[in-house]
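Biologist: I'm new to this one. Could you walk me through it and tell me how you reach your conclusions?

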Amino acid sequence: MCTVCGCGEGETKIEGHEHDHNHHHHHDGHGEHGHTHDYGQGPAHAHAPGLSQSRMVQIEQDILSKNNQYAGANRRYFEQLGILALNLVSSPGSGKTTLLTRTISDLMANYAISVIEGDQQTANDAQRIRATGANALQINTGKGCHLDGHMVGHALETLKPEQGSLLFIENVGNLVCPAAFDLGEAHKVAILSVTEGEDKPVKYPDMFHAADLMLLNKIDLLPHLDFDVERCIDYAQRINPRIKVLQVSATTGEGMEAWYQWIVASRQMALAGNPAVPA
């Protein structure tokens, strides 16, 4: 179990093969890692008989430090190839997959798009995404409640996203654990549905502090709900004054153009430092 978030120890499976937690791997742009994936295996936080608090803290620091090494390798890979990687995070039921499939359908004529799909079980979402024509790879985390840098790096070996492409990483539905685990992405994008509580940003401050963008989804349902949009945005900006908020409906398409403009602008920024990659 993970000492950072308390998720259960379980076997991670990357579509096409099982993910050996002691597997040495590398992919183009990373070079030879020569590491073992041995974090996320300790006792759950606050439930570790025989371990002192200081030892618990040290283990947590080691876990995050190793993750950051893998995430750093991923980030260098993305930078070398001019890939814009976005980490999409949300609670279950936010409409994240529907939003992603519509985004892919609307953008794929102009951009090469790949998806890493994270879920605890099933490949249902990856199948929905592949139906759009996008290249998608499923990671099942078992009892694990988040993706980590090593899982993503391992998936990239198989996925092989194109130079100058868009990579969407759909994280496991959870607003707690993914906040602590960098995947090498350019931005975390938090998706919050108006069918959820407007106080989610203050209930889960770490995630909204880590996110650069909040998509307030399902706004077509606002006439039928008691949801204070301005209060929700205020909560998010109290936690993170730099967060950008866009109101969208993946069902009707309202506001989606602003989301696409944000993606294009983010991609241009990612390419600004890499003149070798065509815009």
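Biologist: Which residues of helix H7 (residues 229-239) are buried?

Modeller: In this predicted model, the buried residues of H7 are Val-229, Cys-232, Ile-233, Tyr-235 and Ala-236.

Biologist: What puts them on the same side of H7?

Modeller: They cover an arc of only 155° around the axis, so they sit on the same side of H7. The face turned away from that buried side carries Glu-230 and Arg-238, which are exposed. As for partners, the buried residues of H7 pack against S7, helix H5 (200-203), strand S8 (213-217) and strand S9 (244-247).

Biologist: Let's look at S7, then. Why is His-187 called buried?

Modeller: Buried means under 20% relative accessible area. His-187 has 19% relative accessibility, so it counts as buried. This residue lies in strand S7, which spans residues 187-193.

Biologist: What makes the link between the side chains of His-187 and Asp-212 a polar contact?

Modeller: A polar contact needs N or O atoms within 3.5 Å, one able to donate a hydrogen and the other to accept it. The side chains of His-187 and Asp-212 are joined at 2.7 Å, and the pair is listed as a polar contact.

Biologist: Why is helix H4 (residues 149-159) described as largely enclosed by the rest of the structure?

Modeller: Ten of its eleven residues are buried, so H4 is largely enclosed. Among them are His-150, Met-151 and Glu-157.

Biologist: What caps the N-terminal end of H4?

Modeller: Asp-148 does, with a side-chain oxygen 3.1 Å from the backbone nitrogen of His-150. Just after H4, Lys-160 takes a positive phi of about 50°.

Technical notes: Residues are numbered from 1 along each chain as its sequence is written. This is a predicted model: local features need pLDDT of at least 70, side-chain atom pairs count only at pLDDT 80 or more; totals for chains, interfaces and linings use all residues. Side-chain values use heavy atoms; hydrogens and water are left out. Helices (H or I, at least four residues) and strands (E, at least two) are DSSP runs, numbered from the N terminus. Buried means under 20% relative accessible area, exposed over 50%, partly exposed in between (1.4 Å probe, protein chains only). The arc is that of the directions from the helix axis to the C-beta atoms. Contact means heavy atoms within 4.5 Å.
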